[in-house]
Amino acid sequence: MEQGSFDNRGPRRFGGPRGPRRFGGPRRDGPGYGGPRRDGPRYGGPRDGPRDGPREERQEYPEERPQEQPEELPPEGPPENAAPPLVKEREVVVPGQELCIGLDYLPSSGTYRLNDKILASLYGLVQFRGRLVSIIPLSGRYHPVQGDVVVGKVSDILISGWRLEINSAYSAVLGIVNTVGYIRKGEDLTRYFKIGDYIVTKIINVTSQNLIDVTMKGPGLRKLTGGRIVTVVPSKVPRLIGKGGSMVDEIQKATQCEIVVGQNGAVWLQGQPESELLAVEVIRKIQAESHLSGLSQRVTDYLKERGATPAPEVTP
Amino acid sequence: MSYKTRVDGRALDQTRDIEAKAGVIGRADGSAYFKIGNTVAYAAVYGPRNLHPRFMQDPTKGILRCHYNMMPFSGSGDRVRPGPSRRSKEISLVMEKALLPVLSLGDFPNAVVDVFVEFPQTDAGSRCAGISAASIALADAGLAMKDLVPAVSVGRVEDKILVDLNYAEESYEGEVADIPMAMIPNTGEITLLQMDGKVSKEMLLDALRMGKDALLRIHKVQQEALKAKYRGGGDE
């Protein structure tokens with residue numbers, strides 16, 4: 001388990017100045033300052049309520065990544081006389097396994113067509129959406145996508161920014177222009193973020209050569225101080241978040257931990273030491289059982305069994 | 001004297017007993033265990049990840065790097081000297097070539113996928129066991145692959161064509177040929193074919209035919225190993 005070191009979990013809970021300001025700590029409005037602590041869930045998305053007009057609901061958690069499916073595809077299922085697929089929905093398949101025979105289905109992500117067959121190219125769970133057959137992987141590193149909120153670890157200080165490890169094949173770069181506040185040219189960048197710090201960032205661009213640019217401009221994007229980091233398989237992040245954030249909200253309420261989930265599978269949590277451990281256990285459980293159905297019920301039962309404060313019922 | 005029955009009592013087209021398991025090394029991105037008779041292979045996959053030295057980077061696609069290593073105590077009594085040898089470097093290379101055709105690394109320019117294959121125990125057929133293990137591990141690492149790659153050795157001892165030779169057969173004093181082969185089952189493409197020894201054209205073709213059948217059986221074992229990792233505990 002990767003874990004935030006304990007030496008930085010002082011009583012100070014702000015991502016702000018470390019020392020008295022006259023010793024040259026970061027400015028209050030500098031990029032290291034995540035704003036005053038607010039209550040309520042923090043999972044990378046907007047933490048404030050609606051500010052200017054109605055905000056699109058749950059925009060911080062797309063339940064599924066916007067798929068690259070062209071919209072003109074027929075939304076209806078395969079024709080009546082189509083040969084039935086060789087596998088069931090949510091079945092575990094391995095690369096090279098035959099999924100469908102015939103031209104009635106179309107290969108989507110994680111599958112390919114060989115002659116008249118659709119075969120799996122990933123190890124994962126089969127998903128049928130109309131005529132499309134795709135595979136949700138069970139493993140694999142994070143695949144960076146523009147707009148994702150990721151938790152990164154500072155691995156290097158560059159001339160005008162920081163390099164972040166984001167559990168991907170490629171590292172991300174946080175440029176000083178993409179931080180909040182003003183940093184003078186030639187300033188010592190370690191005053192803001194040191195090597196080993198964790199930051200919540202948002203991916204703003206991914207090039208064809210997978211150079212990744214991230215920003216800290218946006219609600220909820222900040223440096224993380226204290227707490228601990230747990231990593232999960234990136235493909236299981238949607239299950240950990242739950243529908244519209246329901247799963248992570250439940251864990252937060254039951255364990256009184258503050259949780260930030262990065263799309264890259266890095267999860268930061270902070271609370272009382274025992275409840276942090278409980279939250280870590282629950283997250284591991286979700287990771288281990290995410291391919292089985294009835295997950296949220298089992299998580300609720302598990303939290304109750306472990307004596308966590310039950311989440312208050314929400315009455316509409 | 002001619003070779004009549006196999007030393008361990010197997011049928012001519014029978015492989016040794018096979019065990020396979022996916023996900024045996026916790027910290028690796030993907031891993032597998034593959035045991036065929038007394039040959040044991042552990043494969044661990046790391047990556048795709050940043051590649052250094054940089055001159056090895058390919059800006060058009062990711063590269064695959066295999067590392068074949070026999071442990072010092074793995075041989076038949078003599079200590080295997082640790083570190084890369086001429087032999088292990090060659091086998092690393094042929095493993096790479098056997099696995100590359102199923103991988104699509106175009107999404108990972110400048111990156112590398114490292115495959116480490118370790119042998120705690122060997123009794124002939126180690127490169128084949130290594131390829132079989134590595135392809136399970138690559139799938140377990142979540143890499144896009146066209147298929148799993150099973151591998152086995154075929155060969156002849158005197159006038160008999162055999163599948164999956166063990167060390168006693170491979171080192172038989174007489175006319176012996178040892179032919180390791182690997183195949184992409186979906187397309188029937190051969191990705192590894194080497195030979196050590198002498199064989200006639202007819203015998204070679206017969207041997208390859210027998211090898212293909214054995215490969216399809218190994219392929220089943222590989223698929224089962226991956227599926228078994230997520231079995232049970234639910235309503236599936």
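Which residues of α1(B) are buried? In this predicted model, local features are described where pLDDT is at least 70 and side-chain atom pairs count only at pLDDT 80 or more, whereas totals for chains, interfaces and linings use all residues. Residues are numbered from 1 along each chain as its sequence is written, with chains lettered from A and ligands numbered from 1 in the order in which they are written.

Helix α1 of chain B spans residues 86–99 and has 14 residues, where helices (H or I, at least four residues) and strands (E, at least two) are DSSP runs numbered from the N terminus. From its first C-alpha to its last, α1(B) reaches 20 Å, close to the 20 Å expected at 1.5 Å a residue, the expected span being 1.5 Å times one less than the number of residues. The buried residues of α1(B) are B:S88, B:I91, B:S92, B:V94, B:M95, B:A98 and B:L99; a residue is termed buried if 20 or more other C-beta atoms lie within 10 Å of its own, exposed if 12 or fewer, and partly exposed in between, with C-beta atoms placed from the backbone. An α-helix has 3.6 residues a turn, so residues three or four places apart point the same way. The cover over the buried residues of α1(B) includes β4 (63–70), α2 (126–140), β6 (151–157), β8 (176–184) and β9 (189–193) of chain B, contact being assigned to two residues if their C-beta atoms, placed from the backbone, lie within 7 Å.

β14(A) is joined by 4 bridges to the antiparallel strand β16 (residues 266–270) of chain A, and A:V230 stands opposite A:V267 in β16(A).

Also in chain A, helix α2 (residues 246–255) packs against helix α4 (residues 295–305) at an angle of about 5 degrees, with their axes 11 Å apart; axes are lines fitted to C-alpha atoms, for helices over the stretch in contact, and angles run from 0 to 180 degrees between N-to-C directions. α2(A) is therefore roughly parallel to α4(A), a description applied to angles under 35 degrees, whereas those over 145 count as roughly antiparallel, 65 to 115 as roughly perpendicular and the rest as oblique. A:M247, A:E250 and A:A254 of α2(A) make the contact with A:S296, A:V299, A:T300 and A:L303 of α4(A).

Most residues other than glycine have a negative phi, and most peptide bonds are trans. A:Q256, in the loop between α2 and β15 of chain A, has a positive phi near 55 degrees and is partly exposed, with 15 other C-beta atoms within 10 Å. B:N110, in the loop between α1 and β5 (111–121) of chain B, has a positive phi near 65 degrees but is buried, with 21 other C-beta atoms within 10 Å. The peptide bond from B:G47 to B:P48 is cis, with omega near 5 degrees, and B:P48 belongs to strand β3 (residues 39–50) of chain B. A cis peptide bond, again with omega near 5 degrees, also links B:H52 to B:P53.

Definitions and conventions:
Two strands pair if DSSP finds at least two bridges between them.
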